[in-house]
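Take a look at the structure below. The paragraphs after it walk through one part at a time.

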Amino acid sequence: MLAIDSLRVAYGQSEVLHGINIDVAPGEILAIMGRNGMGKTTLMKALMGIAKSTAGAIRLDGSDIAGLRSHERVARGVGYVPQGRMIFPTMSVEENIQTGLTVTGEKDVPCDIYELFPVLLEMKRRKGGNLSGGQQQQLAIARALACRPKVLLLDEPTEGIQPSIILEMARTLKKIRDQRSLSIIVSEQVLSFALDIADRVLVLENGEVVHAEDRASVDEAKVASFLSV
Amino acid sequence: MFGDYTLGQLGSIFVMQGFAGLILFSVFLLMALGLAIIFGQMGVINMAHGEFMILGAYMTYLTSKLFEAWAPGLLAGYFFFAMILAFLASAALGALVEWALISRLYKRPLDTMLATWGLSLMLQQVYRSVFGAREVGVDLPPWMLGSWQATDSIEIPINGMFVMALTLLITIGVAILMYKSRWGQQVRAVVQNRVMAGAVGINTERVDRATFALGCGIAGVAGSAFTMVGSTGPTAGQLYIVDSFLVVVFGGAQSLIGTIASAFTISQSRSTLEFFTSGSMAQVATLIGVVIILMIRPQGLFATKVRR
């Protein structure tokens, strides 16, 4: 589905990602773990075309999207839920989701999105900025799903969200994967959440993949040791 | 200053000055709308906005001359053609400027001020070379001349009413475009978070160009309206640009209602005070008022409150 091939990303002179190779299978949930500053968010931004990659390829269904701009990547089927959610604060919930419809050309929010997140239907006239953190996170996911992605990128979705909502989010994400058979890449620091949803866990350290393991055989203590400070 | 007039006279003065203020309000509002759209969208302070307005004014002048020479029978309706032409000309120049100049400076917002200021000087010289340094005026079609005698002492000019109706229509049109259309939705998304707008699939560059063109086009229409109340010269735009900025800041950028309210307040206080004191005193008093209010409410009159 998505193949990242020796991807390098640099901010100015300093290289942050030193040749990342990742393959994501259709319908797979991949968790990318790592401490702060190890390159998780940069990787997400590079996949989305927000950070410029200096070398390497990002192949979606075989065609390279590394040179495309963000909106063109969305049209090819990449959905993005950024760190900090970044919903449009002064637009209504409904309008926020509709912005995701730009590439599909649909007018109204598909009802399956409201089925996934009933709370958004209740609040569809409310301004996005007045929602709670957990609701904003759901809104950001709904907005990304509106563009019918083949790959969904989530950057630290549990950040600043209360534990009960985190559990619910894990369930929702698995449901989304099962319903739409899309691939999900989630960057995460919370090990329990990652183990809860992922099919495969990958550890990023200093801009390189240092560890990769299937969920079934994962050595929790080892992954945890990568995350401890 | 009120002592020399009877109560009835004062009433008439306020109504008529209020109405004169409404024409000023129309020009301010159209100018500020364009500025606010562009500033809100791209953070670009368009110092050449006055020149886009004057381009519209010159287009109106040209149209009136063309109609006089080639179709005198249609002269009564030339103004509508002039407005459309003014909009198209200013919007086209706006799109060109965005492509050639502004789009290369998005990472350096302060430099866009300098660049657009330079552009404004260049345009002024172009106008001077093409149309001459002398101010030109348009001949109003007969049906727009004269005034409506409301009471013995109150007269309201017809062209003024026309300009206001036009402004109202354009403002409503812009409001619908920004708040009801899908395009407006995309514009607002880009305004709030450019990077994220791109990441949900909005082509931000195309939105930018269209927005800049729209803002400039509205300035062109403002220029069209301006020909009815003032004479057009190469530097006439300079007289309005500062006030228009004032309107945008005072109203709170990004708020359409705020822009309307602030254009109204500023033009009315200017116009009413102008009658009783001199023009510059009115300007000073208005400025002081605006400064005091901005000290109390730095975000402007109307700013939306949300969690960020």
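**Starting from one asparagine**

Leaving out residues up to four places away in sequence, Asn46(B) touches Leu35(B), Ile38(B), Phe52(B), Thr116(B), Phe212(B), Cys216(B), Ile241(B) and Phe245(B). This is a predicted model. Asn46(B) sits in the loop between α1 and α2 (49-70) of chain B. Is Asn46(B) buried or exposed? Its relative accessibility is 0%, so Asn46(B) counts as buried; the cut-off for buried is under 20%.

How confident is the predictor in chain B? The mean pLDDT of chain B is 86, and 96% of the residues score at least 70. Helix α3 (residues 78-100) of chain B has the highest mean pLDDT, 93. Strand β1 (residues 147-149) of chain B has the lowest, 77.

Now turn to chain A and its sheet. Here 4 strands form an open sheet, in the order β2-β1-β4-β5 (chain A), and the pairing is antiparallel. β2 (14-24) and β5 (63-64) of chain A stand at the edges. Each has a single partner strand, so one side of each is left without a neighbour in the sheet. Strand β1 (residues 2-11) of chain A pairs with β2(A) over 8 bridges, in the antiparallel sense. Within this sheet, Leu7(A) stands opposite Ile20(A) in β2(A).

Follow Leu43(A) next. Neighbours within four places in sequence aside, Leu43(A) is in contact with Leu7(A), Leu17(A), Ile20(A), Ile22(A), Ile32(A) and Leu204(A).

In soluble globular proteins, nonpolar side chains tend to be buried together. The largest nonpolar core has 113 residues, and Ile22(A), Leu43(A), Leu153(A), Ile185(A) and Met53(B) touch the most other members. Which element gives the largest share of this core? Helix α1 (residues 7-42) of chain B does, with 16 residues. A second, separate core has 47 residues, including Tyr114(A), Ala140(A), Ile161(A) and Leu173(A).

Last comes the contact between the chains. Chain A gives 29 residues to it and chain B gives 23 residues. Together the two chains bury about 2,200 Å², with 56% of it on carbon and sulfur atoms. Which three residues supply more of the area that chain A buries against chain B than any other three? They are His71(A), Phe88(A) and Thr90(A), which supply 23% of that area.

Methods
Residues are numbered from 1 along each chain as its sequence is written. Chains are lettered from A and ligands numbered from 1 in the order in which they are written. This is a predicted model: local features need pLDDT of at least 70, side-chain atom pairs count only at pLDDT 80 or more; totals for chains, interfaces and linings use all residues. Side-chain values use heavy atoms; hydrogens and water are left out. A nonpolar core is a set of buried Ala, Val, Leu, Ile, Met, Phe, Trp, Tyr and Cys residues joined through side-chain atoms within 4.5 Å. Buried means under 20% relative accessible area, exposed over 50%, partly exposed in between (1.4 Å probe, protein chains only). Helices (H or I, at least four residues) and strands (E, at least two) are DSSP runs, numbered from the N terminus. Contact means heavy atoms within 4.5 Å. Two strands pair if DSSP finds at least two bridges between them. pLDDT is the predictor's confidence in each residue, from 0 to 100. Buried area is the accessible area (1.4 Å probe) that two parts lose on being put together, summed over both.
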